Amino acid sequence: MSSIYNFKKIAPVPEAGDFLDIVLSKTQRKTPTVVHPGYKITRIRQFYMRKVKYTQETFDEKLHQILTEFPVLDNVHPFYADLMNVLYDKDHYKLALGQLNTAKHLIDSVGKDYVRLLKFGDSLYRCKQLKRAALGRMATVMKRQKDSLSYLEQVRQHLARLPSIDPNTRTLIVCGYPNVGKSSFMNKVTRADVDVQPYAFTTKSLFVGHMDYKYLRWQVIDTPGILDHPLEERNTIEMQSITALAHLRASVLFFIDLSEQCGYTISDQISLFHSIKPLFANKPTLLVMSKTDVCTIDDVRPEERQLVENAVSDGVSLCQLSSYHETGITETRDLACDRLLQQRVEMKLKGSKISGVLNRINVAQPGRRDTVERPVHIPEAVLRRRQQLQQQRDAAGDDEDDETMGRVLERDLEIEGGGAGVYNVDLKKRYLLASDEWKYDVIPEIIDGKNVADFVDPDIEEKLAELEREEEKLAAEGLYDSPDESMDEEERRIRDTARRIRERKQIIAQTSHINDVNRAKLTAKAKASVSTTEDFSEHLQRLGLNPALADETAQRAGRKRGRSESQDPAVKMARSSSMAARAVSVIRDRSVMGLKDERSRVATEKSKSMAMRQRNLMARAGEADRAIQSKKPKHLFTGKRSIGSNDRR
Amino acid sequence: MPQNEYIEESIRRHGRRMDHAERKRKREARQVHKDAEFAQKVHGLKAKLYNKKRHSEKIQMKKTLKMHDEKNAKQKTDDAVPDGAVPAYLLDREGQQRAKVLSNMLKQKRKEKAGKWNVPLPKVRGIAEDEMFKVVKTGKSKSKAWKRMVTKPTFVGDGFTRKPPKYERFIRPMALRYKKANVTHPELKATFQLPIIGVKKNPQSPMYTQLGVLTKGTIIEVNVAELGLVTTGGKVLWGKYAQITNNPENDGCINALLLV
C-alpha cells in the first residue's frame, strides 16, 4: 500500500561525537593533505581555505539533510501532527530542530569568518593555526547539539515503527474501555495479529490492520483503552486513541462489555461514551456489545439496559458480537462499513467535484434510422426455457427470480456432494459421443483378445531403415536434382555472348572512370610504366593478331642501339670476351677482406669472440646493437618556438 | 505489517534462538581480541583517534580500579596503640585505618592550586616590522612602496574616519578588526564576552599602540558594565584593563585576563 506519510526513510542521525568524526574524516579524505612551507603563500592559503570551507559545507549539508528529512509538524496531516505532539512533545521536537538550524548558521558564519582571516595568513604556521581554530570552533558548536541529536535519533527510530495509517482512506476505529475485546475483534477481521491478553492496557499504541469488503480496501485501527477522566489527566497511551478519534474520518466502533469482566461497570462505560461523544460528531458510530457468549443485553439489570438504550440515539446503532463464538462479527463489520460508505458517497454528492463526474456519465441512444422495427434478439431456445421455468414457478407458487434459470450448477452439486475436497467433479458428464450411453463406458484393456500392444508393428524400425535407404539411393541417382537438360546449344551460345558483352561493358566503364577529366591523373611516365608486354599481347590476341609481335616490338623499343657502325670490331671483340668472363658476379665478404689466409681468419674470429664474451655475459649493448647517439639533438630543441613545432624545423 | 514494538513482541512470542546466550557470551569474549587486532592494524588519522579513545578508556579504567583498591586499603595510623584496654590477642597488631589515602581537604587544596590563575604575561616576544606590516605597492607601475598593511588583528574605534586613501600610510583591513574580547575574571573564574573600549598599551611599540594592534600581551580596556562591578565607594565600574593572553592572529579570537 502506498501511503503519502512514510516516515521510514529518514536517515539515521549520528551522535555528536560520531557526527564530528564523520565530518572531519571526510575533510581529511576529500581534501589534499600535503603542503610545504616552501610553497607560494597563495597556494598555502588556498590549501587551508579549502579545508575550512569543505568542513563547513559538509556540516551544512549533513544538518540540512536532517532538517529537511524530519517532517514539519505544520505540513503533515493534523492526525500525524497531533500524534507526534502526544508522543514526542511538539515543543521539544521543534526546539531540537530549531537548535540544529541555529548550529548550522553558526557553523556557516564561523567558516565564513575564518576563510576571511585566512586571506591575511602570512605563513604556513599561521594558516594552519587558523584552520585548526576554525575546525575547533565548528566542533564546539556541534558538541553542544549532543542532546538534540540523540533526541532526534530516538524520534526517528520511533517514527519508523509507527503504523502506516493513511488518514484519508476508508477506516474503522475500534475504541472503548481497556480490556473490552477491541483487539480480539481486530484480530478476527484483519490479519494484524495484535497481542491479546487478559489484563488492561495490553495494547499500548495504535495498531493498523487491513481487510477487504465490497472489493474495497479498508483499514481498521485498534486503539489503546480509554478511561473516563478529563482530557488533561489522560496519559500518552490514552491520548493516542483520542488523537485517532479526533482527526480521522472513520466509522467508530465503541465497544462495551456487558459482562463487566473488564473491571468497569456498564454505567462507567456508558458515561465514557457520553463524555467522548463530541469526538463522534459526523461519524457513523456503532455501540458494540462484545462478549455476548458471557452476557447479552437481555441478561443485564433493567436500569443498566435502560442506560444502554438511552445511549442509542440518532446516528448510533447497536450491535452485538462475540469474538469467542465468532458470532456477529461479520454483521458488525458490514454495518460499520456500509454506513461509512453511505456517508462518504453523500459527502461526495454534496461536494463540488461531483458535477464533473456526473457530466461524464452518458447513455448513448442511437436515433431511428428508418421505420423498420429492430427488437432485441433472444434465441428461440432461451425463450422456450424461460417459458418452461415460468410455468414451473407458477405451479410451485414462489415468485423468486432465479439467475441460474433452474439449472443445477456445479457449485450446488459440490455442496450437495459434501463440499470442497470431498465432492469429486464428474468430468465425463459432458462428453460428446454418438450415443449418450457410451459416456461412462470404460475403455477396456483387452478387447477381442487384443490390447493396444497388439496393434504395434514389431518391425517398424526395420521398415523405416529400408525406407531411408531407398530415399538415399534415389537422391544419389539424381531424382531430386533440378532439371538442367533444357539448355541447348543455341541458348548456351546466347548466354556466352551476353557474358562477354557484360564483361566488355564493365571494362569500358572502368576505363572511362580512369580517363575521367576531373580525376587526378597520373603523369605520363607513370602511365607508361603501367602498360606491360602482357597487356599488349593480350590486346593483340583480342584483335586476332599474332601475340608474338608484342614481344618483338617491346624488345625493339627497350634495346639501346649499339655502336655497331662507329666501333672498331677488334675492340668490340675484346669487350665481349671480357664480359663473358664476368658472367658470375664475385662475392666479396668484407669481414675477411684484409686477411691473408685461412689461419689468420680463424685467429681473428677467435679474438673477436673473446672480446665480445664479457659484454655478452653482462648483456651489455655491443657494436651491433641499435643505438641512438643523441636523444635530443640540440638543433631541434633550442631556440624560440613562437610558431611551428620542434619537429618541423 | 510490522508496527510499533514488533521486535520485542516477536521475541516475547517466539523467544530467541536456542544458542542466543552462548553466542552472545562468545561474541563478547571475542570482542577484546578483535579490538586489539584492529588497534594494531589501523593507521593514519583513524589510528590517532582510536588510540586516543582507547587511552582515555584505559585511564578511566585504572582510576576506577584504584578507587576500588583504596576502598579496601589498610593503612597504618600514627597513634599505633589505641586508647583504653586492649585484649591480649590484639596487642601485637598495629593500628590500622580503613580510609582513603587523601583526605578531602587535601584534594580541595590541590584543586585550588591547579585552578589558580597565572599572573598576566610579563614578557612578550618581539615582533619585527616586516612581520607586522605588509608592503603595499602603489603607483601606476607599482613602483612605490611606502604604504603598509597591518597583518595583525587591530582595534579601530567607532569614531575613526579614514584619511584620503591617497595619503593613508597604514591600512587596517576590515577583516582583522575586532570589537569584542573574551575576558576572564580571575576571581569569579568566569569568562565574558565584553566590548573593547580601546588599546591602552602594546608592549611592542608605541606606534602599535597608536594603531590599535592587538597582539599577545597587549593591555586593552574593556567595558565591564554588564558584570556589575562596583568600587569600594559604591560607584559602578565600567572600564577596566585586561591583558591579551593568546595570539589573536592565530586563533581568530581575543582572549584576555582582567587585571584586578
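This is a predicted model: local features need pLDDT of at least 70, side-chain atom pairs count only at pLDDT 80 or more; totals for chains, interfaces and linings use all residues.
**View 1. Helices H9 and H10 of chain A cross at roughly 15°.** The axes of helix H9 (residues 266–275) and helix H10 (residues 302–311) of chain A come within 10 Å. Because angles under 35 degrees count as roughly parallel, H9(A) and H10(A) are described as roughly parallel to each other. On the H9(A) side, the residues in contact are Ile266(A), Ser267(A), Ile270(A), Phe273(A) and His274(A), and they meet Glu304(A), Leu307(A), Val308(A) and Ala311(A) in H10(A). Sorted by class, this contact of H9(A) with H10(A) has six nonpolar, two polar and one charged residues.

**View 2. Six strands of chain A form an open sheet with mixed pairing.** The strand order is E2-E3-E1-E4-E5-E6, and the edges are strand E2 (207–213) and strand E6 (316–320) of chain A, each of which pairs on one side only. From one strand to the next, the twist averages 25°. Within the sheet, strand E4 (residues 251–257) and strand E5 (residues 285–290) of chain A pair in the parallel sense over six bridges, and Phe255(A) has Val288(A) in E5(A) as its bridge partner.

**View 3. Five strands of chain B close into a barrel.** The strands follow the order E6-E7-E8-E9-E10, with mixed pairing, and neighbouring strands are turned by 50° against each other on average, direction ignored. Strand E6 (residues 180–185) of chain B pairs with E7(B) in the antiparallel sense over six bridges, among them the one that joins Lys180(B) to Pro195(B) in E7(B). E6(B) and E7(B) form a hairpin with four residues between them, and Lys189(B) in the turn has a positive phi of about 55°.

**View 4. Strands E7 and E8 of chain B pair in the antiparallel sense.** Strand E7 (residues 190–201) and strand E8 (residues 219–223) of chain B are joined over four bridges. Here Lys201(B) stands opposite Ile219(B) in E8(B), while Ile196(B) has Val222(B) in E8(B) as its bridge partner.

Note on methods
Residues are numbered from 1 along each chain as its sequence is written. Chains are lettered from A and ligands numbered from 1 in the order in which they are written. Side-chain values use heavy atoms; hydrogens and water are left out. Two strands pair if DSSP finds at least two bridges between them. Helices (H or I, at least four residues) and strands (E, at least two) are DSSP runs, numbered from the N terminus. Axes are lines fitted to C-alpha atoms, for helices over the stretch in contact, and angles run from 0 to 180 degrees between N-to-C directions. Angles under 35 degrees count as roughly parallel, over 145 as roughly antiparallel, 65 to 115 as roughly perpendicular and the rest as oblique. Contact means heavy atoms within 4.5 Å. Ala, Val, Leu, Ile, Met, Phe, Trp, Tyr, Cys and Pro count as nonpolar, Asp, Glu, Lys and Arg as charged, and the others, Gly among them, as polar.
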